Amino acid sequence: MKAKTVVPREQANRDVDDAIAYYLGEGAESAALSFIDALEGAYAHISRPPGTGSTRYAHELHLPGLRFWPLTRFPHLVFYFERSDCIDVWRVLHGKRDIPAWMEASEVGS
């Protein structure tokens, strides 16, 4: 299967920037770098078999096709849709957050 291009939305990029800023603010530069590696790994994974992500929140949020994939060793989840030509990444959220509230904020901005 050919890999699809992963295209993060502006809000997803802000989520990533916030997570990196948090780790750097805690003086954990190595954690920030590991987070970036884990994110790149998640993006690489969802670019090949996008259907492997969980649909757990799709029904609750009334967003058919929404999937998520967890980052390795980090409590963050990559929320995305598979499109015909790409992987549309909506958010990269900490798994302990109120996911429905944060995702609804994405819908308003989309």
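Two residues are taken to be in contact when heavy atoms of the one lie within 4.5 Å of heavy atoms of the other. The structure described here is a predicted model. Ser47 itself belongs to helix α2, which spans residues 29-47. With a relative accessible area of 8%, Ser47 counts as buried, because that term applies to values under 20%.

The strands of the model are arranged in an open sheet, in which four strands follow the order β1-β4-β3-β2 with mixed pairing. From one strand to the next, the twist averages 35 degrees.

Within this sheet, strand β3 (residues 76-82) is paired with strand β4 (residues 86-94) in the antiparallel sense, and seven bridges join the two. For Phe81, the bridge partner in β4 is Asp88.

Two helices are packed on the sheet. Helix α1, formed by residues 10-25, touches β1, β3 and β4, and the direction of α1 makes about 40 degrees with that of β4. Helix α2 touches β1, β2, β3 and β4; the angle between the direction of α2 and that of β4 is about 145 degrees.

Definitions and conventions. Residues are numbered from 1 along each chain as its sequence is written. This is a predicted model: local features need pLDDT of at least 70, side-chain atom pairs count only at pLDDT 80 or more; totals for chains, interfaces and linings use all residues. Side-chain values use heavy atoms; hydrogens and water are left out. Buried means under 20% relative accessible area, exposed over 50%, partly exposed in between (1.4 Å probe, protein chains only). Two strands pair if DSSP finds at least two bridges between them. Axes are lines fitted to C-alpha atoms, for helices over the stretch in contact, and angles run from 0 to 180 degrees between N-to-C directions.
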